[in-house]
Amino acid sequence: DKSEAVILTEHKTRVTCVRWNKAGTMLASASADGTLIVRDIIDDGAKLVIVNDWRKLSNLENQAAVRGVAWSGDGQSLVSASVDGWVRTWTAQTGNEVRGWKMEFGAWCADWEDVEQRPGRLACGLEDGSVKVWRPNEPDREEPKPLHDSFRVRVLSVKWSASGLLAASSWNGEVWV
């Protein structure tokens, strides 16, 4: 029976975010210690099995707190958001950084639109109350563009719907769609 929890203790300080990939076979966790950790986990019906231990994906520049993480639709890539303003994409299996974008304010959350099982647009919420959106995999390497900036306080969460709508929430109790 699954009554006993599996406790994962690789992070050095508070864990700020956890996310499963769509298949439920990989778990990503972000931490204030500046790390993003990916684990392969199998649920065999009776217990959880950690398959290959874990892979640490670090913010190597200055170990700033990682506040948000989200999976691409195909489950092969991740996006992370750090309080130093870096939004980075990663390859889940290898832990390699694919690309990074430096925002002008701290990044508190990110989400990856799921479009026909391939990565779609990225969205991130920033400390200044703005939301930025861009397509990271386009040939022209589109840069983040402001989508919404009227919160005036920190954006805590962004989330794409299956139909491509974006919702964002802020520190002041508002939700924007």
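How many salt bridges does the structure hold? The structure, a predicted model, holds 6 salt bridges.

**Figure 1. The salt bridge between Lys132 and Glu104.** The closest N and O atoms of Lys132 and Glu104 are 2.6 Å apart. Lys132 belongs to strand E11 (residues 131-134) and Glu104 to the loop between strand E8 (97-102) and E9, so the pair ties together parts separated by 28 residues in sequence. Lys132 has a relative accessible area of 8% and is therefore buried.

**Figure 2. The salt bridge between Asp111 and Lys159.** Here the closest N and O atoms are 3.7 Å apart. Because Asp111 lies in strand E9 and Lys159 in strand E13, the contact ties together parts that are 48 residues apart in sequence.

**Figure 3. The salt bridge between Arg154 and Glu127.** The closest N and O atoms of this pair are 2.5 Å apart. Arg154 is in the loop between strand E12 (145-148) and E13, and Glu127 is in the loop between strand E10 (118-126) and E11; the pair links distant parts of the chain, 27 residues apart. With a relative accessible area of 17%, Arg154 is buried. Glu127 is partly exposed, its relative accessible area being 32%.

**Figure 4. Asp84, a buried residue that has no salt bridge.** Asp84 sits in the loop between strand E6 (77-82) and strand E7 (86-91). The nearest side chain of opposite charge is that of Arg88, 4.8 Å away; a salt bridge requires the nitrogen and the carboxyl oxygen to be within 4 Å. A polar atom of the Asp84 side chain does lie 3.2 Å from the backbone nitrogen of Trp86.

**Figure 5. The largest pocket and its lining.** The largest pocket holds about 480 Å³ of space. It is lined by 27 residues, of which Arg19, Ala70, Ala110, Asp111 and Lys159 are the closest to its centre. At least two lining residues come from each of strand E1 (15-20), strand E5 (66-71), strand E9 (107-115) and strand E13 (155-160). E9 supplies the largest share, 7 residues. By residue class, the lining comprises 13 nonpolar, 7 polar and 7 charged residues.

Methods. Residues are numbered from 1 along each chain as its sequence is written. This is a predicted model: local features need pLDDT of at least 70, side-chain atom pairs count only at pLDDT 80 or more; totals for chains, interfaces and linings use all residues. Side-chain values use heavy atoms; hydrogens and water are left out. Helices (H or I, at least four residues) and strands (E, at least two) are DSSP runs, numbered from the N terminus. Buried means under 20% relative accessible area, exposed over 50%, partly exposed in between (1.4 Å probe, protein chains only). Lys and Arg count as positive and Asp and Glu as negative; His and the chain ends are not counted. A polar contact is a pair of N or O atoms within 3.5 Å; within protein, one must be able to donate a hydrogen and the other to accept it, and residues adjacent in sequence count only if both atoms are side-chain atoms. On a 1 Å grid over the protein atoms alone, a cavity is a set of points where a 1.4 Å probe fits but cannot get out, and a pocket is an open set with protein on both sides within 12 Å along at least five of seven lines; lining residues have an atom within 4 Å of a point. Grid points are joined across faces, edges and corners, and a volume is the space filled by probe spheres set on the points. Ala, Val, Leu, Ile, Met, Phe, Trp, Tyr, Cys and Pro count as nonpolar, Asp, Glu, Lys and Arg as charged, and the others, Gly among them, as polar.
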